[in-house]
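Good morning. Please have a look at the model on the screen, and then I will go through a few parts of it.

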Amino acid sequence: MLIRQVKCRRFAGLKDKELTFGPGLNVLLGPNEAGKSTLVDAIYHTLLQDATVDRRRQASFLKQYTPHPSGDFFDGALHIELSGQQLKVEKEWGRHPRAQLELPNGNLVRDEAQIRELLREHLQVGEGSLATLVFARQSELKEAVKQVLSDTATQTELGSLLRKTVMELDGVSIEQLKEKLQEQLKQLLGRWDWERQRPEGGRGIDNPWKAGTGAIVNAYYQKETLRQQMRVCQQLEVSLHQISENLKQTGEKRARVSAELEMLLVLDDDINKRAALEPQLEMQKRLQQELMQINKDWPKVEMQADLKREELAQLRETVKQLGEELKLADQLKVKQAIDQMIEKLRGLQAEIGQLQGKLAERPLISKQDIATLEQLRDQQIKWEAKLQAGRMIGELSKLNASEGWLTKGFGERERIVAPMQFSADGYLKLTVPEVLELEVKALDIDMDQARQEYQAAIAAYRDTLAQLAVSSTEQAREVKQQQDGYRAQIKRLEDELTVFLKGRTLDDMITQSEALAVPSMVRDAELIRREMQQRELERVEKQGQLSNLEQQMNAWESKYGQYDEVLLKLVEVKRKADDILAQLSGLATLPEGMGSIDEFRQRIRTLRQAKDDLYKQTEDLRDSYRNAQANLPEESYEELQAGYQDAEARFNKLLKQAQGLLRVQQVLEAKLAEISSNPFSALAESFKRYLSCFTAGNYSVGDINEQFELIIHREDGVSLPLNILSAGTYDGVALALRFAMLEHLFQGRNGLVVLDDCLVDLDPQRKQQAAETIQEFAKTHQVIFTTCDPATAELLGGTTIRL
Amino acid sequence: MALKVFHTGDVHIGMRFNRYETIKQDLIEARFQTLRRMVDMANAEGCNLFVVAGDLFDNVRVPKGDVRKAARILAEFSGECVAVLPGNHDYDDGQGELWPIFTDAAGDRACVLNSMRPMDLSAYGLDGVVLYPAPCDAKHSDQHRLGWIKQLTERPAAKWQIGVGHGALSGLSPDLDSRYFNMSEADLKFCNLDLWCLGHTHIAYPAGEQLTDSSIFNCGTPEPDGLDCRHQGSAWLMELGEDRSVIAKRVTTGSYQFADLQLTVQGHDDFEALTRQLLADNPQKKVVRLRLNGRLDEDIYRYRLDWSGQLRDQLAYLDVQDDDLRVRINRSLIDREFTLGSFPHGLLSALTESPDDDEALQLAYELVKGVKGC
């Protein structure tokens, strides 16, 4: 790109200026306030600023360049050469803004948007880049560099530094951009679960987040609150409608009930009278029937009573006869009993006689007799026991005699033969006639006395037995027992006899029996008695029947007197009934379908109750209606719905916005990742090269120190942080960066740079070196250098254009 | 002698207009003014009968003062009878206070058509006129209230039999849920009346200014009440001949006009054209919602705020929804505003690659612009 010519009729203080530029280095020389910067502005705006501007929003722009005091427009025209082709741009700002682009083929374009597009297409460099790198004031570039360098947190190496510098050339801090994005996302998404598209933790309007909420949650709550209010409103409206319907139905019921009640109440008097008369009529009818029946029954009852009386008389006679027969039967029974007793007593007497005979057959043995026998026997046993206590045994082994005798105890002597063994109790006497007489006896027994007493006892014992006609004590006991039994039997029979006789004698009884003369053909008393009972029952029954009949007749008589009067009474009752019927015929009848007066009255009671109930229901429903109406929200359902739709639209808009921001975040992160992988090595090399040039070889780029300061190495080896560099060195660094980036921007194409007096702070050596660098740059690019210093212009060389 | 009928309805007195905070009182008052204007028109035309075919009031809880005020305005009708039918908004279920208050205040010539029985207007001095009301007794119903007319076996002798109903007329307004006493022309014709005066839908029916061959009329609202109401408000002035013919003339009644415009704006000229359109014909009575979309150059995009501010001063109410109106962001803009290789340039350029990222591009642009120079 080459700017060949710039022209303006009016542009701020410039008037009818026309300057021509050549390729390479053009030095625009002029004193201060000569309009150098204005001319650069004219080039810039003619190239990049639309002619049509908002007069209010861009008032400062218009004011800055409109000539004072009476100008109302300013303009500019540029001849540009691009790859050998000519373009001509003209613009005029003011009351009648105008823009025109003349294309290489001679066509003219006046639509500004099209002009912009065509210029962009031809320039191949964006307006932003042109503004930042090509037309930037050196001071602005220095400011950009300074800002990047002040952000030490991210820079650790030259590549990163340059990368950041390039990326933030437009004054847009990436960190601030990210922070701003995060802030906006937070403001939108605070407490919103994006993934689930609901508030965090599912906390709806019943339990809403109070703190940290973003716009989406707030809009969601607002929307849902309105929706809930709509639901409540709708429910209340439905409820109100339902109550209203109920009121209508209740009203209709009340009307029906009231109408029916009124209709019934109209009949009420007649029905009440009817209620009084109808029972009377009923009573007269019943009386009439009763009298008719009495009239019919009275003679019949009289006949029946007479018949009963006859039957009763017959029955009484029969019972009397049976009583007499029963008496005979009872006498016969007594006689038979006496005879039986007599027979029995006789038997007893015979038995007693037999027993007394048996007693007489033996001597009577008393207890004393038995005791005597036992005592005598005891004495025998006592002596025998004593002898047995002195028991002796002997053995006769040899007897040289013809005979020998042995006496043992109280026994008799007995013959002995040898050899033999023997024993004896208490006493032993061995006699061998003529040879031997040997007595052996117990020491404490007087054998003679013993034998005497012993034999006396035996004799007494035998005498006693003989007296009692028994052979032993045991027999004596048996006989005594037998005799005791006889005596007891006799006693028992005698007692029995006494009981039967009851103080009489047997003869008395025989006499009594003989005195009872009873015919032998008499029926059994029990049979007679049963018949008597049966006849008695019949009598009682008939007597009862008779009583009833008599009672009935008595009742009729007491009520009506004579039988004839019944007929008279009947006529009277009939007349009364006719009177009542006549009264009833003039009264209203019960409503159709109603069976009785009770039912009529019950219906009135039911209707009155229903009327009261319905009244109460109505009042309750009216209260409910008023309450429901009072509870209705101030806004109607339709109004709430409109509000809800607005809230929903706002919510959706915020969601869309959040989605957009999330997408920005995604692209931003991707872009950062992409950029961070770009080493910017070519730019870094350019920068190093230019830095060396602009600092006359005194400085080279080193590392970044621990304080994240860019270290510039001086030629003498001393390293200095950039922030303590001199203004000149700083300018050099900034220029080096700008030139490096311009190379990067133009990518080998011919480009343009407008430099204001950027060498003013350099020392002569550096200035010389910088001038050479600029000259070198101008070999491939057009350079427009503005300065007020002729020496600088001379130093730079190139084409000098005086202003 | 002909019978002159003024037919209106859907006045919606008591509507609150909360969405139009700055002019809500004016809009509320406008409904009274329009009612008065209609009474004046009817009086000027010598009408015998003034029919309000439902929704005189916006709801059954309209403040008593407003009810009495409306009743007093109607009482100024100089014809024989004002017949007011309860509509679905001011329904009469026999419980509310609205209609008793209205009746008390409306005078002897007013009758409330809240019963489903023939209403002989001879008591009001209109011999031979019988009204057949189809009133609303609830806010919603899936059944119209014409059934009783169809079932009527005997009708009073009348020169003119006029039906007055309220509900959605099939084909005129959608009632998808059948909640608004939906009725069809066939239903109405089946009733075999000389004239039907209907209300509910806020659009007049049939179309046309003067009609002679119709017997079914919907009044439409006389005073527009929302953005969906794009006419100027109207009512029917009718003349019923001895031969039962009907001549109907549509009269304009409203004061406010609502406009809901959705436009694509491409440049300055569109704004200017819109300005001319909106400022024509009584702009101080215009309630406008503008939904703008499109892509604009940034300076024009920024200009829209000044533009809408100026416009707002001259209209009764202006709501501009320009969420879909954005700065035209393309490579050209990005190149112009950002240096090649800079991060904003790269970020925004990446977002221009897919049209799906348009929202993100706009947001990113605003973000970058917000941060630039900070």
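In what order do the five strands of the open sheet in chain B come? The order is 5-6-7-8-10, with mixed pairing. Strands here are DSSP runs of type E with at least two residues, and helices are H or I runs of at least four, both numbered from the N terminus. Two strands pair if DSSP finds at least two bridges between them.

This is a predicted model, where local features need pLDDT of at least 70 and side-chain atom pairs count only at pLDDT 80 or more, while totals for chains, interfaces and linings use all residues. Residues are numbered from 1 along each chain as its sequence is written, and chains are lettered from A and ligands numbered from 1 in the order in which they are written.

Strand 5 of chain B runs antiparallel to strand 6 (residues 129–134) of chain B, and two bridges join them. Opposite B:Met119 stands B:Leu131 in strand 6 of chain B.

Next, the contact between the chains. Chain A gives 52 residues and chain B gives 42 residues, where contact means C-beta atoms, placed from the backbone, within 7 Å. On the side of chain A that touches chain B, helix 16 of chain A supplies the largest share, 14 residues.

Methods: Contact = placed C-beta atoms within 7 Å.
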